[in-house]
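This report turns to aromatic rings and to the charged groups placed over them. Please have the sequence and the structure open while reading.

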Amino acid sequence: MQERVIQAEAAGLGTYMRKVWEYRRLVVVLAVREVRAQYAQTVLGVLWAVLKPLMALAIFSIFFGILVPLDSKIKVEYPLFAFSGMVAWYFFTYLIVNVGSSVLNAQQLISRIYFPKLILPLAKSLAGMVDFGISMVLMVLLMLIWGHVPGWEILLFPVVVLVNLIVGLSLGIWLAALTTRFRDFHHLLPYLVNFAIWLTPVFYPSTIIPEKYQHFLYMNPMAGVIAAFRWTLLGDEVPSLKYLYGLAPILLLFIVGIWYFERVEREMVDKV
């Protein structure tokens with residue numbers, strides 16, 4: 001019997017994306033497996049998705065709500081202010097860490113069968129939507145506790161979530177491709193993410209940053225995303241158009257990242 005070898009072939013980006021669409025069911029299968037594996041063999045299971053953000057909120061609330069109060073600089077209760085930033089930031093960091101390591105952590109799978117490797121980052125993103133959804137349920141409960149009713153801006157919230165997703169994916173896809181060649185990124189990534197939170201107004205308002213340093217804030221795409229989260233959910237100030245300095249290049253980075261991922265995909269099986 002003649003053997004048939006299936007392998008990746010050089011193709012344009014359009015052809016590649018059509019192949020990804022053909023394997024769309026695999027995205028769901030891998031995402032479900034990821035969610036199950038994430039909380040398998042734990043006593044609390046999926047409750048960790050509730051406890052982790054609540055524990056972080058408690059720490060931030062004690063430090064910035066009591067020890068170093070910021071109430072005079074924000075318009076809503078501090079737990080609402082902080083958690084709205086945390087929801088966006090933790091979704092972003094989930095995408096960076098998990099999408100960035102998706103190819104490296106799937107060595108056995110990609111060495112056995114052929115499929116467009118972009119499926120792996122997409123599956124991780126879909127799995128991350130589960131934790132994001134749980135965090136949003138908690139956000140709604142906090143809004144009910146403090147009696148906060150969102151305004152018409154809430155209609156734009158899905159657009160903000162989409163931008164949040166693209167920002168995380170644009171960096172995560174690059175890292176997924178680069179970590180197969182340079183393993184240093186795999187070890188360096190957690191430290192960079194932990195440091196970056198201090199440069200982003202997640203648990204403090206952007207108004208405490210001196211005016212002469214504000215341009216650094218506008219270059220941070222997640223600062224714009226978090227400002228948009230607070231505007232749509234809490235009726236905070238309308239985000240400045242200057243945030244586009246950081247957000248505008250993201251779409252190009254996203255598209256070029258997919259193109260680069262497709263270019264190096266054929267080497268991934270040998271590199272991982």
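Does W198 count as buried or exposed? W198 counts as exposed, at 51% relative accessibility, where exposed means over 50% relative accessible area, buried under 20% and partly exposed in between, computed with a 1.4 Å probe on protein chains only. F203, by contrast, is buried, with a relative accessible area of 1%.

The model is predicted, so local features need pLDDT of at least 70 and side-chain atom pairs count only at pLDDT 80 or more, while totals for chains, interfaces and linings use all residues. Residues are numbered from 1 along each chain as its sequence is written, and side-chain values use heavy atoms, with hydrogens and water left out.

Rings of Phe, Tyr and Trp (its six-membered ring) pair if their centres lie within 6.5 Å, and planes under 30 degrees apart count as stacked, over 60 as edge-to-face and the rest as tilted.

| Pair | Centre to centre | Angle between planes | Class |
|---|---|---|---|
| F91 and F132 | 4.8 Å | 40° | tilted |
| W198 and F203 | 5.1 Å | 80° | edge-to-face |

Because F91 lies in helix α4 (residues 78–100) and F132 in helix α6 (residues 119–145), their pair ties together parts that are 41 residues apart in sequence; helices here are DSSP runs (H or I) of at least four residues, numbered from the N terminus.

R230 lies over the face of F81, 3.6 Å from the ring centre, and the charged end of K117 sits over the ring of F115, at 5.2 Å from its centre.

Definitions and conventions
Helices (H or I, at least four residues) and strands (E, at least two) are DSSP runs, numbered from the N terminus. A charge sits over a ring if NZ of Lys or CZ of Arg is within 6 Å of the ring centre and within 35 degrees of the ring normal.
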